[in-house]
Amino acid sequence: MKDAKFKKSAFIVGSKGLAHEINLRGIRTVMQVGAVVVGLDRNINYWKIAHAVNYLTNPSVLFIGTNPDTALPAPNNRLLPCEHISYQGSGAMIAAVQAASGRTPLLLGKPSKHAFDVLRDEFELDPETTCMVGDRLETDILFGRRGGTKTALVFSGFTTKENYEKLKSESEAGKDVSDVFCEPHATFDSLKHLVDSLFQ
């Protein structure tokens, strides 16, 4: 938004951290808005969606999404007493606003190449000596691939080893799984295993 010389205000459907980050870029978050920015919001509700949708009836108001992750792993199922539980990610919030508004968002988080370019320039990253580590094939690994870095998938988060092997097998058999599968350069059971491998 800063790169595009955005001068208006933004309505945020997201966490305080997202609003803070946007404020740091010099963009005000008040009620007369020029953009609706949707990200992970654990307190999302009907009224936030209604406000966002009403702003988006104005075609000059930008609709921006952070990243398309629709679900997040629930560590140790601490909050919900069920197996195989996942929490809704920012992609679910974006989809709700998209469905209600009929507008298509501009996604600026992972796996957007624009997001990588911003990080590369701001932190002077060299893709040749950078490795993107993540637990999702279709966002983290694709993000690294698009940025030209090495990539490492860890099985301690969203993607399980079984799911990875199933998708890899389907891809090698010629099935189109490109919307959910991007081949990493390496895989590890956890971040600890990745770090341990660096010192072997």
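Modeller: One term to start: two strands pair if DSSP finds at least two bridges between them. Strands (E, at least two residues) and helices (H or I, at least four) are DSSP runs, numbered from the N terminus. The model is predicted, with local features needing pLDDT of at least 70, side-chain atom pairs pLDDT 80 or more, and totals for chains, interfaces and linings using all residues. Residues count from 1 along each chain as its sequence is written, and side-chain values use heavy atoms, without hydrogens or water.

Colleague: OK. How many bridges join β1 to β2?

Modeller: 4, and the two strands run parallel. β2 covers residues 35–38. Val13 sits opposite Val38 in β2.

Colleague: What's the strand order in that open sheet?

Modeller: β1-β2-β3-β6, 4 strands with parallel pairing. β1 (10–13) and β6 are at the edges with a single partner strand each, so one side of each has no neighbour in the sheet.

Colleague: Switching topic. Where does Ser112 lie?

Modeller: In the loop between β6 (106–107) and α4 (113–123).

Colleague: What does Ser112 contact, beyond neighbours within four places in sequence?

Modeller: Leu107, Phe143 and Arg146. Contact means heavy atoms within 4.5 Å.

Colleague: And how many disulfides?

Modeller: 0 in the whole structure; the test is a pair of cysteine sulfur atoms within 2.5 Å. Cys131 is partly exposed at 43% relative accessibility, whereas Cys182 is buried at 14%.

Technical notes:
Buried < 20%, exposed > 50% of the residue type's maximum accessible area, 1.4 Å probe, protein only.
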